[in-house]
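Have a look at the fold first, then go through the notes below.

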Amino acid sequence: MSGMRLTDTGISEKLNATVMNAVVYDTYGTPEVLRVEKVDIPEPKNNEVLIEVHATSVNSWDWDLLRGKPFVNRIGAFRHPRYRILGADIAGRVISVGSGVKRFKPGDEVFGDLSGCGWGGFAEYVCASEEALTPKPAGITHVQAASIPQAAVLALQGLRNQGNLQKGEHVLINGAGGGVGTFAIQYAKLLGAEVTAVDRGEKLDMLLEIGADHVLDYTKEDFAASGPSYNLILDVVGNRSAFALKRALVKGGTYVMIGGLMPHILLNLVGSPFVSWLEKKKLSLLIHKPNHGDQMIWKELVESGQVTPRIGREYTLSETSQALRDLGEGRVNGKAVVCLKKAKSDD
């Protein structure tokens, strides 16, 4: 492996292996199309590091890419998936580094979002740009660290950048029981906001436990039916039209869509200027932007104990299909994480 720096004998010995286990797929479909297969261990480019993956969390983007839905996920890859190995949010240990890498060395523990540099987290090893990585927070497990990058950054950008949430304001989080929602509840409370969390009835106790002031079971109660109540609605699931939900916003309020069905996304984009002009309410769509600076914010919040990642269930690599199925069906409280290696700090 040319162009790499190795400084640790134990680490060097690991690279005597040339293949690794990875979860791969060659056609769009349900989780059944995934399989564990032996593939070549990747070699880092000049600006990349090779990481021994300890844990990889599962995100809705994995679910969408697996199925090839919405259709926008097939642009440039209509017949076959663009990424043969899914998994963006990883935590692990640096094994080797490209000759141009400045920030990391072999042995460093890192976490990060690889959605901007090739994915590949559902595998024993993965290469990633050093710019996608952040030193792992001290005092937490790799499983907890892997749950942070995408979900926590989306929560932060939705509440801070798009929503401009302020102390004393009332925010409603729709789909609060997943990864983004559980981080959003905790961050909103740190800002001094009042939080109403919406999800399935079996998740409500957990939502109260992590700080929500009020909880609603969407199968029994329509939060939008009671009229204007909220300064900000953070919609993680996007299962209803923004036009149906905007009536729950006070004048000057903001609706932020993070995920959802394509018809609702398009309606939001087309209609938002008219709603802003006529009703003085803002409708916006958050575009995911992996950000090292935002990951550092979460690193500090977690290290200081102000935020605790909520892990719903851990899976083995061979159970990745089940992890995606559980995510797609909304059965996970917090984050679903695929655990590839138990380190001493994870025991």
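Rings of Phe, Tyr and Trp (its six-membered ring) pair if their centres lie within 6.5 Å; planes under 30 degrees apart count as stacked, over 60 as edge-to-face and the rest as tilted. By that rule, the structure holds 4 aromatic pairs. This is a predicted model, where local features need pLDDT of at least 70 and side-chain atom pairs count only at pLDDT 80 or more, while totals for chains, interfaces and linings use all residues. Residues are numbered from 1 along each chain as its sequence is written, and side-chain values use heavy atoms, leaving out hydrogens and water.

**Trp61 and Trp119**

- The ring centres of Trp61 and Trp119 are 5.2 Å apart and the planes sit at 85 degrees, so this pair is edge-to-face.
- This pair links distant parts of the chain, 58 residues apart: Trp61 is in helix H2 (residues 60–67), and Trp119 is in the loop between strand S6 (109–113) and strand S7 (125–129). Helices (H or I, at least four residues) and strands (E, at least two) are DSSP runs, numbered from the N terminus.
- Trp119 counts as buried at 3% relative accessibility, whereas Trp61 is partly exposed at 29%. Buried means under 20% relative accessible area, exposed over 50%, and partly exposed in between (1.4 Å probe, protein chains only).
- Trp61 and Trp119 form one aromatic cluster with Tyr83.
- Trp119 also has a positive phi, near 60 degrees, despite being a residue other than glycine.

**Phe183 and Trp298**

- Phe183 and Trp298 make an edge-to-face pair too, at 5.3 Å centre to centre with 70 degrees between the planes.
- Again, distant parts of the chain are linked: Phe183 sits in helix H5 (residues 179–190) and Trp298 in helix H9 (residues 292–303), 115 residues apart.
- Both Phe183 and Trp298 are buried.

**Another backbone spot to check**

- Asn164 isn't a glycine, yet its phi is positive, about 50 degrees.
- You'll find Asn164 in the loop between helix H4 (149–162) and strand S9 (170–174), and at 48% relative accessibility it counts as partly exposed.

**The chain overall**

- The protein chain has 10 helices and 16 strands.
- Of its 347 residues, 54% are buried.
- Among contacts (heavy atoms within 4.5 Å) with a separation of 6 or more, 68% are between residues 24 or more positions apart.
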